[in-house]
Every structure is written in C-alpha cells, then in structure tokens.
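Q: I have a structure open and want to learn to read its features. Where do we begin?

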Amino acid sequence: MKKMRYICFLILLFPLIASGQRQSLNLNEGWYFSDQKCAEAFLPDYDDSSWEQLDLPHDYSMNGDYDSINTPQNAWLPIADCWYRKKIQYDASWSGKRLYLWFDGVYMDSEVYVNGKLVGNRPYGFISFYFDITDFVHPGDNVICVRAKNEKAPTARFYHGSGIYGYTELLIVPEIHIPVSGGVFCHTISCSEKEAVVDISTEVLNNGEKAQKVLVRHILMNADGSEVLRSELSEVQLMALEKDTLSGRISVLKPRLWDCETPNLYKLCTEVLINGIVEDRIYTSVGIRTIDYNPNTGFYLNGKNIKLQGVCEHMEMLPVGFAIPDDLWRKRIMLLKNMGCNAIRTAHNPFPPKFYELCDELGMMIVDEIFDGWRRKGANDYGGRFFAKWWKKDVEDWIRRDRNHPSVIMWSVGNETGDTDIHNITEHIHLHDAWTRPTSGGNVLYGTDISGFTGQGGMPGALEKFHEENPERAIVLTEVPHTIQTRGFYRVPTWWRDKGGAVNEYKPYGTKQIFFDGLPRYRSSYDNCAVRLNARMSWKRTKNTPWIIGEFRWTGYDCLGESQFMGAEFPKRSYNAGIIDFAGFPKDHYYFYQSQWTQKPMVHILPHWTHPELKKGQEVPVVVYSNCDEVELFLNDKSLGRKKTGDLLDFVWQVPYVQGKIEAIGYNKGIISVSACHQTASYPEKLILSVDNPYEEKADGTVAYLDISSVDGEGNFVPWTCNEILFHVSGRTTVLGFENGNPIDGMNNKNLKRRFFYGLARGFFQNTTNDVPVKVTAATILGDTLFEDKTQVSIAVSSVMLRGRSTTDKYEIYYTLNGEKPDNNSLHYERAFMIKKNKQIRAAIYCNGERLFELKENFRKGKVTQFIDPMLQTEDVLKNKFVGPFDKEVIGRWSINETTYLFEKTGVLYEFSGKYFPKRVGQWWYDYPNDKFENPDDRGRGEIKWDKDSSISFIELSGQNENKLQITDGTVKKILDRTDKNKD
C-alpha cells in the first residue's frame with residue numbers, strides 16, 4: 001500500500017465577528033425550563049410563569065440527586081422529558097433576510113417549535129443542528145419552544161445528561177449567503193516552509209426569487225489583523241433557489257505552520273459581493289499544516305515523525321455535566337497538555353464546537369468520533385432507535401461542521417461496532433472531506449483507512465500478529481491501555497479485571513498486601529490495576545514500535561457513568577479509569593505520562609508517606625516517575641541509592657517504613673535538576689484554601705478553582721482526611737458546584753458542602769457578575785471518624801477572596817460532645833482535643849458575631865479492619881449490601897440473611913436472593929494471601945453461614961443480559977439446594 005498523505009489548510013467554521021449583512025443574536029439567556037410533562041407547552045400562549053428561569057448551557061441531570069432509582073449508565077442521576085421556552089422580539093431589520101436557529105447540542109430526540117408550529121426534530125443528542133425558521137416568525141413576540149424527549153433511561157451506555165447543553169443563536173443572513181454550516185472548505189495542494197498553495201471552496205446559496213451575479217473574495221490576515229493577501233474569484237451567475245460552489249487557489253509565502261507547540265492561526269475573511277457591494281461576510285480562523293500516515297513508520301505532522309500521545313475523553317466534566325463553560329474546557333485541555341498529551345479522542349461522539357476551537361488555539365490534536373454504535377448497545381440508545389434512518393445526515397453535518405479544524409487529524413466511524421466498516425461510513429465521510437484526513441474506528445480493523453484497536457490491542461501478541469498479516473495497514477491504538485486508579489489509594493499486589501483472561505504479566509511490586517484503608521471498590525494508584533495491559537508496558541511498546549501511530553489510553557479524566565461495569569452498586573458512579581479524577585486532581589498515572597511525554601525535568605513519588613497502619617520496618621514499594629537520567633531516593637536525609645530508569649520506565653525501591661521525610665532527587669548529566677518529597681503527617685488540624693484564578697474586575701466568564709486541603713499543625717498534607725466541609729459564599733457569583741474525585745460519592749454536586757476525599761476537595765466558581773468583594777468561607781470538623789484507641793478532633797474555619805481585598809474577620813467556635821445543638825453558651829473551642837469514646841460532635845461557628853455554620857460529625861470507636869467511607873455509614877446504604885470478605889483464597893458461599901454470595905475461583909462474585917437466577921456483582925479480590933481477611937466470619941451484617949466448598953465450579957454464562965443468566969452446568973440447583981439446608 002502506498003504511503004497515505006493528507007494535507008490540509010483548515011479554517012474554523014463559525015463566524016468570529018458578525019459583519020456585512022450577516023447578524024448573530026445570542027439566545028443563551030432568559031429561558032424558562034420544566035421537567036414536567038406538559039402536553040401543550042409548545043403553544044405560544046402557554047403559561048410558563050411558574051417554570052424555572054435559567055441561562056444556557058444547561059444540563060438537567062447534574063442538578064439532580066444521585067439516587068438508586070436511576071440508572072448506573074447515567075451515574076444514578078435523573079433524566080427527564082425536558083421543556084425549554086423563550087420569547088424573542090422581531091426586529092424590523094430582519095425583513096427580507098433568512099433566519100436560522102442554531103443549536104450546539106440538545107440531548108436528545110429534540111423537537112423545536114416556533115410560535116406553536118413544529119420546525120423540525122433531531123434525534124441524535126451529540127450533533128449540532130439548525131433550522132430555517134424564516135417562515136415561522138412574525139412581527140412582535142415570537143415563542144421558541146424546545147423539547148428534549150429523554151425520558152427513556154438509559155439512552156446511552158455512559159453518562160448522557162439531559163437538555164440544551166450547548167450554545168444557541170439566531171443567525172440573520174441575506175437571501176444570498178454562505179451556508180450556515182460548512183460553507184467554506186480549504187485544503188492544501190502543496191506546502192513547504194517557503195510556500196503553501198491552498199484550494200478554497202466556497203458554497204453560495206441564493207434563496208431569492210431571481211438570478212444574481214455574485215463574486216467571492218478572500219482576504220487572509222495575520223492574527224493581529226494585518227493583511228497577508230487577497231484573492232477574487234471570477235463572477236458567476238447564480239440562479240434563483242440554487243447553490244453553487246466557487247473554487248480557487250491562493251499562495252501563502254513563508255506560511256506560519258500550525259503544530260502542537262506553535263499553533264499558529266490566521267484569520268480568513270470571506271465575502272460575497274453583488275455589483276461590488278458586500279452582501280455576506282464571515283471571519284474564520286485558519287491553520288496551515290500537513291499530516292501523513294505511513295503503515296511502517298507512523299504519523300507525521302508537518303513532515304516530522306511523532307507519536308500520538310493521546311487520551312480518550314467522554315464529554316462531561318464535573319460538577320457541570322455537559323454544560324461546560326468555555327474556561328472550564330480550556331482548563332481541562334491545558335491540564336492534559338501539561339501532562340504531555342498531544343491528542344484527544346472524542347469518545348464516543350462529537351463534542352460542542354467550542355472544544356474544537358480551543359484545541360485549534362491550544363495545539364491539541366483530535367481524533368473526532370461520531371458514534372458509539374451502529375446498533376443497539378444501550379436499552380434506548382440512538383444506535384437501536386435512530387441510526388438506520390439518520391446516520392447519513394448526522395455524518396454529513398458532523399463532517400461539514402468539523403472538517404476545517406487544524407486540530408482534527410482523523411475521523412472515527414464508531415466504537416466497538418464490529419471489526420469492519422459494514423455501512424461504508426468511510427466512503428460517506430470522503431464525500432464531504434475529500435481525503436484531507438483518514439478514517440479509523442474503535443476496534444474497526446477493515447474498511448477504514450487506518451485500523452483502530454481497543455480491547456484486543458492489549459491482548460498478548462494480537463497486535464503483532466495483525467501487523468504481520470496486514471503490513472499495508474496503518475495501526476493506531478484508539479483505546480489502549482485500560483487501567484483503573486483511585487487517587488490516593490494504594491494496594492501492592494497486582495489486580496487484573498479479567499483474571500484468567502489474556503493479560504500481560506510483569507514483575508509485581510509485591511505479593512503481600514500492606515495497606516488497609518479505603519473501600520474494595522477503589523483501585524490502586526500503583527500501576528498495577530488494569531484490564532489486559534498496564535500503562536508502563538503499553539507505552540513502552542508504543543514508543544518502541546515504529547508502525548504504531550500512537551495510543552489513546554482509557555481515559556484522561558474520570559468519566560461519569562458506565563458504572564454498570566465491575567458491579568453497579570449504588571452510589572458507584574464511575575468506572576474510575578481516568579488519570580485525572582472528577583475534581584480535576586491528577587492521579588499518579590498523570591505523572592507517569594508526564595515523565596514519558598515531556599522534557600522539563602520532573603520527579604514524582606508514590607505512595608504518600610503517612611501510613612499509621614504500618615509497623616516500623618514494614619517494606620514499602622516506593623515508585624518514582626521521572627524524565628531525568630538518574631534518581632536518588634532519601635529517607636530522613638539518608639541516601640537509599642541512585643538508580644537509572646528500570647525496564648518498565650520507572651524507578652523502584654523497597655523501603656522499610658519509618659515515619660519522616662522521603663525525598664527523590666533527579667539528576668541530568670550528574671547535576672541536580674529537580675526534587676520532590678513527602679512528609680509524614682500527624683492529625684489534621686487546619687484547612688488550606690487556595691484559588692488558581694482570582695476574578696478580574698469585570699464579569700468575563702472565567703472559572704476559578706477553589707482548592708481545599710487538609711494539613712496538620714505543622715502544615716503537612718494529611719492524605720487520609722475524609723471529613724465533611726461546609727461552604728458559605730458572600731457576594732454574587734455563579735457557584736458551579738463542588739467535587740472531590742471520590743468515585744462512589746453520592747452527594748449532590750450543587751450542594752454547598754462536600755467531603756474531603758483523601759485530603760482534597762475543590763469548588764468551581766464562574767465570574768458572571770461585577771460584585772466586589774466575593775468571598776468563600778469553609779468550615780469542618782477534622783478527625784478520624786473510625787478509631788481503635790483514640791483520635792484527635794479539630795474544628796477549622798478558613799476563607800479566601802475570589803475578588804477584592806481580604807477582610808479581617810473574627811471567628812468564634814462553640815461545640816458540644818453529646819449531639820446537642822450548640823450555641824454561644826456551649827463549650828468554647830480553642831485548640832484540638834482527644835476523644836476515646838463514641839461521640840457526635842456538633843459545632844457552631846460565628847463570624848463577627850453572626851452565626852455562619854453549624855457542623856456535625858460522628859466519631860466511632862471500633863476495630864479498624866476495613867475503612868468504610870463515612871458517607872456510606874447509613875443503614876439505607878449498608879443494609880443487605882456486600883461489604884466483604886476480599887481475598888483470593890475465599891472460594892465458596894457466604895450467606896447473609898436472605899442473600900447468598902458465591903465466590904468463584906476466577907474471582908467473579910455472584911449474588912442470589914431467594915431462588916432467583918444469580919446476578920453477577922463483579923470482581924471481588926486482590927491477589928494477596930494470608931491477610932487479616934483470611935477468616936471472614938466476623939465480617940458483614942446479619943447472621944452469617946460460611947461454607948468453603950471448593951468443589952463449586954465456575955458458572956458458564958450465556959446470553960447478553962447478566963440479570964437473566966442461563967446456567968449450563970446445573971450449578972444453580974446445587975447451590976440453591978445447599979442454601980436452603982444451611983440457612984440460619
């Protein structure tokens with residue numbers, strides 16, 4: 001196969017400046033919303049005065065509560081049949097113009113009405129669309145009504161939200177105009193440092209009633225507005241109610257190329273002239289760059305051979321869901337870019353237009369994906385209900401919208417839909433993008449331009465075998481590797497999701513478990529929890545294999561939903577596969593990739609060094625990620641040796657535990673370049689609040705992160721803090737919500753409270769008003785909520801300014817130890833104190849004499865055999881919920897009241913209730929022998945009967961629905977008979 005070459009000169013689709021006869025009316029403010037069934041809500045005189053007033057973008061689901069009555073696919077958040085209404089006043093200047101109503105995105109199956117009449121509908125929830133509403137409006141008030149018919153849960157395999165989650169605008173254009181979407185398309189004929197020859201195709205539509213002679217002019221400008229060149233095409237006759245495409249070429253001398261390090265952009269002005277007068281004009285951003293793909297040597301950007309250092313990303317971001325402000329998109333992309341990431345795969349659907357604009361601006365490449373499936377993959381999804389009828393229209397609109405972005409380097413036709421492009425989506429794509437980019441797909445190996453590997457790309461030998469048999473096929477790892485981490489949580493032994501399956505074994509960090517905090521549904525932040533291939537092995541193979549274009553690991557940020565995998569116990573809301581958690585805090589894998597993908601000297605140590613459960617001398621695997629030549633490790637200023645990077649791209653020491661400081665120093669050419677350390681912390685005593693982006697004086701829409709951390713009396717970070725924090729906001733601002741990264745935290749993201757998760761939490765605030773000052777205050781009761789002997793309790797309060805100068809506030813704290821409501825006659829808090837018994841501590845905090853907070857925290861004395869998250873310590877959550885045991889040597893049955901659990905040799909756990917067919921709960925073990933869970937009889941709730949019967953064999957599964965399993969070997973009858981006999 002010949003070397004594939006794709007060369008593009010690309011422009012952004014959307015107008016940056018309204019000019020000429022074209023106008024744009026922002027419709028994002030002042031909508032009325034209802035989640036109730038309103039059969040007549042589309043009528044113009046419908047009374048919506050009781051509806052909620054809001055601005056767009058809006059994600060209804062993220063304003064709701066996590067609740068077990070909802071679906072795990074949508075992360076236990078609600079969906080609804082949503083209605084939106086807005087009035088707009090007709091302007092006399094619109095007369096004789098065409099009016100288009102544009103939506104960035106509506107989830108899903110939307111209907112749009114204007115003045116009570118249906119304008120159109122669009123089933124796909126991840127596509128931008130527009131309607132011509134010229135004939136539906138009239139002088140005076142006009143009512144726009146949008147219905148998002150999203151009541152059939154689940155409508156996707158992963159979080160999908162509800163409502164108008166993107167921007168909306170009214171475009172007013174002349175009768176003769178460039179089409180709203182994709183009307184200008186450019187590609188490069190040739191390109192070098194000296195010159196770029198560019199072909200520009202411009203569509204012009206005549207909606208008028210008579211023919212007109214039109215001329216198209218292009219003016220290319222530098223980013224500062226200075227003119228580079230201009231070009232006019234020959235005048236053509238455009239017939240009434242017809243569209244024509246006018247093409248021409250321009251030459252750009254010494255072009256400033258677009259790439260990831262220097263994402264240079266030009267500005268292109270495209271004008272339509274009639275009789276020398278500008279009829280229509282738009283400004284668009286322009287990027288000039290070349291891309292090449294070679295099946296033997298990989299990917300080239302502007303002639304330079306580079307690896308795609310990519311991540312897969314679902315669209316949502318907490319705590320806002322799909323309704324992501326522009327600045328939050330920017331922060332998200334930049335955090336990945338600072339890790340060294342240079343490419344994002346939009347898994348598994350297109351994103352809103354702003355994402356692509358920012359990737360152009362920031363230098364982030366995109367593999368743009370259109371569908372999760374071409375058939376039903378979720379109970380009520382697009383693939384099963386609408387794909388057959390709508391896919392061609394959706395593909396066309398998608399390509400026309402995104403084909404001009406320099407950041408887009410590949411089209412993905414779908415995800416895990418089968419190994420062949422059976423619908424010839426590739427051919428349909430190239431009708432609208434004439435070979436400026438190749439196609440691929442998740443696990444689509446044939447029929448596309450490039451073979452894309454997901455799961456099988458991690459199977460031992462599978463990738464190499466495919467390349468040997470198909471040497472002409474270029475290969476990209478669209479979803480490899482799959483690894484799972486929980487920030488701040490560590491387990492030493494290796495864990496495979498599919499134990500007994502095809503996995504890539506490696507030397508483990510250890511076989512004995514030494515850490516016993518956390519929950520069994522968390523996953524270790526060592527690089528030792530994966531599906532088939534861990535991160536280190538995967539990247540080592542990718543960087544050393546020329547014919548692998550690059551890899552897109554699963555995932556960048558934790559993605560919301562998909563919690564039906566590995567068990568769907570409420571309130572588990574994530575598969576937890578990201579290298580950045582929900583709050584935007586990096587996990588340890590972030591620094592592994594940074595060590596491989598960046599040049600600036602860095603060093604990172606794991607785990608932290610505060611482990612009260614460890615005995616002195618207990619051996620701890622200490623791992624360092626660094627891009628330095630050598631790393632030296634110190635424990636309490638004593639060197640433990642200097643090392644070069646190991647076979648799996650890390651530095652590893654086995655260190656006898658002793659409290660104090662552990663430090664890593666990185667050397668380049670023998671000279672110290674960088675260092676990092678952890679210090680053992682004592683009990684938490686204080687809150688530290690910091691803001692990454694204090695507000696400007698004017699409301700500019702920027703987003704500020706408010707980071708909240710827990711420290712001891714010496715200022716050392718306390719990595720096990722999990723207490724609840726309350727917040728108070730003074731001054732007007734938009735509170736987007738709060739997060740902590742805990743994959744099983746079921747607290748509403750919009751509440752003015754959040755628990756710490758392993759010592760950290762974050763608030764999100766948007767600068768939408770001009771008020772001065774804006775202050776946020778936080779308060780908490782700190783201490784270990786489950787303790788064996790005693791624990792220290794502290795009550796802390798702190799504040800930070802989002803805008804304006806800080807004020808001198810006097811805080812006074814009063815508390816009770818017996819659960820009584822506190823007031824200013826209660827105990828006066830002055831310093832931390834110890835408790836040795838069960839206590840419910842309540843505190844009242846006064847600021848300048850005004851009661852600001854009332855806090856409450858329960859402290860319980862008991863045996864700390866396994867940490868249970870405080871938010872789960874309620875009867876309604878724990879009742880009949882499995883909480884142990886967890887050990888690979890536990891094989892057999894475990895009965896609790898009316899429920900029986902079967903532990904398979906393979907590590908799969910099944911649950912029986914009465915005589916129903918078994919439900920697969922998920923995986924249950926880590927590979928650690930001889931730990932304190934060896935005898936499980938004192939674990940769990942209710943009467944327990946343990947029967948270690950190793951003769952119970954593996955249950956062979958058939959069929960697709962795990963809740964209606966077919967049992968093929970008679971095991972169920974045997975188990976149920978034994979259960980009846982042994983019930984207590």
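A: With strand pairing. Two strands pair if DSSP finds at least two bridges between them. Keep in mind that this is a predicted model.

Q: In what order do the four strands of the open sheet run?

A: Strands of a sheet pair through backbone hydrogen bonds, either parallel or antiparallel. Here the order is E39-E38-E41-E42, and the pairing is antiparallel. Strand E39 (638-644) and strand E42 (671-679) are the edges, each pairing on one side only. From one strand to the next, the twist averages 20 degrees.

Q: How many bridges join strand E41 and E42?

A: Eight bridges, in the antiparallel sense, with E41 covering residues 661-668.

Q: Now the rings. What describes a pair of aromatic rings?

A: The distance of the centres and the angle of the planes describe it. Centres must lie within 6.5 Å, and planes over 60 degrees apart count as edge-to-face. By this rule there are 51 aromatic pairs. Take Tyr-165 and Phe-322: their ring centres are 5.2 Å apart and their planes are at 70 degrees, so the pair is edge-to-face.

Q: Which parts of the chain do Tyr-165 and Phe-322 tie together?

A: Tyr-165 lies in the loop between strand E13 (163-164) and strand E14 (168-173). Phe-322 lies in the loop between strand E26 (308-313) and helix H1 (326-339), so the pair ties together parts that are 157 residues apart in sequence. Tyr-165 and Phe-322 are buried. They also belong to one aromatic cluster, whose members include Tyr-107, Phe-371 and Trp-391.

Q: How are the rings of Tyr-705 and Phe-764 arranged?

A: Their centres are 5.1 Å apart and their planes are at 80 degrees, so this pair is edge-to-face. Tyr-705 is in strand E44 (residues 703-711) and Phe-764 in strand E48 (residues 760-766), so the pair ties together parts 59 residues apart in sequence. Both residues are buried.

Q: Which ring does the charged end of Arg-403 sit over?

A: The ring of Phe-185, at 4.3 Å from its centre.

Q: Last, a single residue. Is Glu-203 buried or exposed?

A: Buried means under 20% relative accessible area. Glu-203 has 12% relative accessibility, so it counts as buried. Its place is in strand E17 (residues 195-206).

Q: What does the side chain of Glu-203 join by a polar contact?

A: The side chain of Arg-400, at 2.9 Å. Glu-203 also touches other residues, among them His-177, Ile-178 and Lys-243. Ile-178 is 25 residues away in sequence, yet 5.8 Å away in space, C-alpha to C-alpha.

Conventions
Residues are numbered from 1 along each chain as its sequence is written. Side-chain values use heavy atoms; hydrogens and water are left out. Rings of Phe, Tyr and Trp (its six-membered ring) pair if their centres lie within 6.5 Å; planes under 30 degrees apart count as stacked, over 60 as edge-to-face and the rest as tilted. Helices (H or I, at least four residues) and strands (E, at least two) are DSSP runs, numbered from the N terminus. Buried means under 20% relative accessible area, exposed over 50%, partly exposed in between (1.4 Å probe, protein chains only). A charge sits over a ring if NZ of Lys or CZ of Arg is within 6 Å of the ring centre and within 35 degrees of the ring normal. Axes are lines fitted to C-alpha atoms, for helices over the stretch in contact, and angles run from 0 to 180 degrees between N-to-C directions. Contact means heavy atoms within 4.5 Å. A polar contact is a pair of N or O atoms within 3.5 Å; within protein, one must be able to donate a hydrogen and the other to accept it, and residues adjacent in sequence count only if both atoms are side-chain atoms. Lists of a residue's contacts leave out its neighbours within four places in sequence.
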